[in-house]
Structure formats: structure tokens, C-alpha cells
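Colleague: Could you walk me through how to read this fold? I'd like the general idea each time, then the case at hand.

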Amino acid sequence: RSGEIQKPGKGDLIRAYTLQHAESGLGNDYLKRKNVIRVRLEGEQFLLQAADVPSVVEWIEGFHAGTNISLDLDHRVMPKGPMFPR
């Protein structure tokens, strides 16, 4: 039937995001789960759970690295290192 919207398949890409202007860090105010990473990009927020603390550090460093190189050289700010509580 024409006008009917097809549902995406299990393997279909529904949305792609860019890391330009993304923010990422610890989701330490989310108390339901441990090792939570908060990622904000394109006006949306995602909470990701890592297996352990070293994985959290690796993921956040990866997000920061991706964010730092996602803009053209002319529009980049100086990279910020990850901020972790002591």
C-alpha cells in the first residue's frame, strides 16, 4: 500500500551522529548502574555502561580524541584532557 511507512529491519542504520561539538564524561550522577559514561551530541544524550573503570577511562579518552579531531583545523579549540575525580 502506498503511504505506509516501512519499519526498519534489525540491521538497518536508523541514525548516524557526528562527534563535532560532542561532550562526554562520567555519568556519576546516574546511580542505577556503575561505570556509566554520559555522551551528549547533536542535542541528544546517551548513557553507556562500561564493564569496569579502566574501560570507562578508555572510552572517555576515545570520545575526547574523536571530538578533538572532528572539526577542521581552522575551527578546532585546544584539546581538553579527560577530567576524573581523585
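Modeller: Contact means heavy atoms within 4.5 Å, and buried means under 20% relative accessible area, exposed over 50%, partly exposed in between (1.4 Å probe, protein chains only). Helices (H or I, at least four residues) and strands (E, at least two) are DSSP runs, numbered from the N terminus. This is a predicted model: local features need pLDDT of at least 70, side-chain atom pairs count only at pLDDT 80 or more, and totals for chains, interfaces and linings use all residues. Residues are numbered from 1 along each chain as its sequence is written, and side-chain values use heavy atoms, leaving out hydrogens and water.

Colleague: What covers the buried residues of H1?

Modeller: The cover includes strand S1 (23–26), S2 and strand S3 (44–49).

Colleague: Which residues of H1 are buried?

Modeller: An α-helix has 3.6 residues a turn, so residues three or four places apart point the same way. Here Val-56, Ile-60, Phe-63, His-64, Gly-66 and Thr-67 are the buried ones. They share one side of H1, because their arc around the axis is only 165° (taken from the directions from the helix axis to the C-beta atoms). Glu-58 and Ile-69, on the other side of H1, are exposed.
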